[in-house]
Amino acid sequence: MRILFLLTIVLTAFLIVGAGRRDKGKKDKAVGCTAKTLKKAIKMYDSCLHKGFKSSLGCEHEFSVKKPLSKGNVKKCEKIERKADACGHSCPTDGGWSPFSEWSDCSAECAGGDQSRTRTCTDPAPAFGGELCLGEDIETQGCNLAPCSVDGEWSEFGNWSDCSAVCGGGSQFRLRDCDNPAPADGGEDCEGGDTETKDCNTQHCPGNIVTL
């Protein structure tokens, strides 16, 4: 009788330990995250979203199913969501543009230059397979389009004029023009005069020549 009792205790303990090991194995298998199981969980989760399941992870998905999910399917999707979340799944995040920066300095002070401004695909940055930002990250425009002002410069002096007297002292002059280049678009006029003079024929006249 005592032997039968002991055998019963041993058998019961063996069954309890075996059941515990089986349960532990099932639990380990349930929470195990491999690339294969995660991929499967994500695929099933996306299917849930497509059917109208409301994500608690912030995931969005366009769906056209008018009939709501049954309670059983909702619970199934919740379980799949927990599995995906436990394995570190994050929903795809499409990239968004940041605001443009300030315009850069113009490349020219006049007569037309260009300037640019940039933006980055960081508001938010694409993540977990999300789409890149559409469009360009740089924008350019023309600037300082007004013509450049031109300051005037003198041309070379011309030839000297004839002397105003043949003897007794006269004068002669020569001219230059402010056209090399001429002032334009608000540029400064040439500095100085356009005429240069000098004395000439300063020798004394003979007695029979009268100077004027």
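Reader: Which residue takes a positive phi just after α2?

Author: In this predicted model, local features need pLDDT of at least 70, side-chain atom pairs count only at pLDDT 80 or more, and totals for chains, interfaces and linings use all residues. Numbering runs from 1 along each chain as its sequence is written, and side-chain values use heavy atoms, without hydrogens and water. Helices are DSSP runs of H or I, at least four residues; strands are runs of E, at least two; both are numbered from the N terminus. Just after α2, G52 has a positive phi of about 105°.

Reader: Where do the buried residues of α2 fall, seen down its axis?

Author: An α-helix has 3.6 residues a turn, so residues three or four places apart point the same way. Buried means under 20% relative accessible area, exposed over 50%, partly exposed in between (1.4 Å probe, protein chains only). In α2, A41, Y45, C48 and L49 are buried. They fall within an arc of 95°, so they line one face of the helix. The arc is taken from the directions from the helix axis to the C-beta atoms. On the other side, A35, K36, K39, K40 and K43 are exposed.

Reader: What do the buried residues of α2 pack against?

Author: They pack against α3.

Reader: Which residues make up the largest nonpolar core?

Author: In soluble globular proteins, nonpolar side chains tend to be buried together. A nonpolar core joins buried Ala, Val, Leu, Ile, Met, Phe, Trp, Tyr and Cys residues through side-chain atoms within 4.5 Å. Here the largest has 8 residues: Y45, C48, L49, F53, C59, C77, I80 and C91. α2 (35-50) and α3 (71-86) each supply at least two. α2 gives the most, with 3 residues.

Notes. Contact means heavy atoms within 4.5 Å.
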